[in-house]
Amino acid sequence: MKLWWPPVVFGVVMLGMWQLLTVVAGVPSFLLPSPSAIAEQFVANLGNIGSASLATGTNALIGLVAGAVLGLLAALAAIRLRIVDELLTPLAAGAAAVPIVALAPVFNSMFSSTTDLPRRLVVTIVVFFPVFVSAAKGLRQVSAVHHDLMTSYAVSGWQFTRIVRLPSAVPHIFTGLRVAAPNAVIAAIICEYFGGLQNGLGSRITSAAANTAYPRAWAYVMGAIAVGLLFFVVVLLLEKLVSRRRPQERWI
């Protein structure tokens, strides 16, 4: 109870102050629409917001899964082979440094703008780096006692990874996923600003803003926030589920 009510109260107070500011001070809607106007547009456009959220969420989910799998596989390869580690680490750092606004138009030019492939590729790259870094860090943190025990049993490299490294790296892997999940949604939305299919939240936000329908644009922003929170909550639930099952499993 104590964990969730303070932010809820804070959010309600902020919304109340926001509504009061826009009504009493007469702030124009193109600067800051009132929460009541945004809520009205959200309800009126609920169907469109839902379909746009589904399109953006699908791209974000596919990119998240692809980036997470590739990041984990790359981390497994990096801890086994030094040359792979020396190659992938700077490449991953370089991929993280490339801005989304640079990748999106390039991929739209390289691939067909009538498909979602460019957006999913951008999301995959954005997700890859935090998962790779967190997973590699967790896979390397093996206690000397466990290492000596597995050596005495003469287990193979893959058995050692499966029995010891992967279970101990689970918290680090989910740390990377907690960072990557909201970023996947952000990346998918930003990619939609640069052309392609006009079926996602990003294109709907820019279209509404271009038509000076600012409350409607903010309503689509609310949809984007909801999708990002959904991704984050799902990762948290998966982490709790895996954490509860780990003590009951032998990982052998």
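What follows is a walk through this structure, from its core out to a loop. Keep in mind that you are looking at a predicted model.

Let's start in the middle. The largest nonpolar core has 46 residues. Those with the most contacts inside this core are Leu64, Val127, Phe132, Leu139, Leu177, Leu201 and Phe231.

If you skip the neighbours within four places in sequence, Phe231 is in contact with Gly57, Ala60, Leu61, Leu64, Ala181 and Val185. Leu64, by the way, is also on the list of core residues with the most contacts.

Is Leu230 buried or exposed? Leu230 counts as exposed, because its relative accessibility is 53%, and the cut-off for exposed is over 50%. Leu230 also shows how the chain folds back on itself: its C-alpha atom is 8.8 Å from that of Pro182, although the two residues are 48 places apart along the chain.

Next, let's see how helices pack against each other. Two packed helices are described by the angle between their axes and the distance between the axes.

Thr124 gives you a place to look at along α6, the helix of residues 117–140. With a relative accessibility of 13%, Thr124 counts as buried, because the limit for buried is under 20%. Leaving out residues up to four places away in sequence, Thr124 touches Gly63, Ala66, Gly67 and Leu70.

Helix α3 has a threonine worth a visit too. Thr56 lies in this helix, which spans residues 46–80. Apart from neighbours within four places in sequence, Thr56 is in contact with Ala188, Ile189, Glu192, Gly200 and Leu201.

Helix α6 has another partner, α5, made of residues 100–110. Here the axes come within 9 Å and cross at roughly 145 degrees, and this crossing is right-handed as well. On the α5 side, the contact is made by Ile100, Leu103, Ala104, Phe107 and Asn108. On the α6 side, you'll find Pro118, Leu121, Val122, Ile125 and Val126. By type, the residues of this contact are nine nonpolar and one polar, with no charged ones.

Time for some rings. How many aromatic pairs does the structure hold? There are three. One of them joins Trp18 and Trp218, with ring centres 5.7 Å apart and planes at 70 degrees, so this pair is edge-to-face. The pair links distant parts of the chain: Trp18 is in helix α1 and Trp218 in helix α10, 200 residues apart. Both are partly exposed, Trp18 with a relative accessible area of 22% and Trp218 with 33%. In another pair, the rings of Phe107 and Phe111 have centres 6.1 Å apart and planes at 70 degrees, which makes this one edge-to-face too. Phe107 counts as buried at 12% relative accessibility, whereas Phe111 is partly exposed at 30%.

We finish at helix α9, residues 201–210. Its buried residues are Leu201, Gly202, Ser203, Ile205 and Ala208. After α9 comes Thr212, in the loop between α9 and α10. What stands out about the phi of Thr212? Its phi is positive, about 60 degrees, although Thr212 is not a glycine. Most residues other than glycine have a negative phi. Thr212 also counts as exposed, at 54% relative accessibility.

Notes: Residues are numbered from 1 along each chain as its sequence is written. This is a predicted model: local features need pLDDT of at least 70, side-chain atom pairs count only at pLDDT 80 or more; totals for chains, interfaces and linings use all residues. Side-chain values use heavy atoms; hydrogens and water are left out. Buried means under 20% relative accessible area, exposed over 50%, partly exposed in between (1.4 Å probe, protein chains only). Helices (H or I, at least four residues) and strands (E, at least two) are DSSP runs, numbered from the N terminus. Contact means heavy atoms within 4.5 Å. Axes are lines fitted to C-alpha atoms, for helices over the stretch in contact, and angles run from 0 to 180 degrees between N-to-C directions. A crossing is left-handed if the near helix is turned anticlockwise from the far one by less than a right angle, and right-handed if clockwise. Ala, Val, Leu, Ile, Met, Phe, Trp, Tyr, Cys and Pro count as nonpolar, Asp, Glu, Lys and Arg as charged, and the others, Gly among them, as polar. Rings of Phe, Tyr and Trp (its six-membered ring) pair if their centres lie within 6.5 Å; planes under 30 degrees apart count as stacked, over 60 as edge-to-face and the rest as tilted. A nonpolar core is a set of buried Ala, Val, Leu, Ile, Met, Phe, Trp, Tyr and Cys residues joined through side-chain atoms within 4.5 Å.
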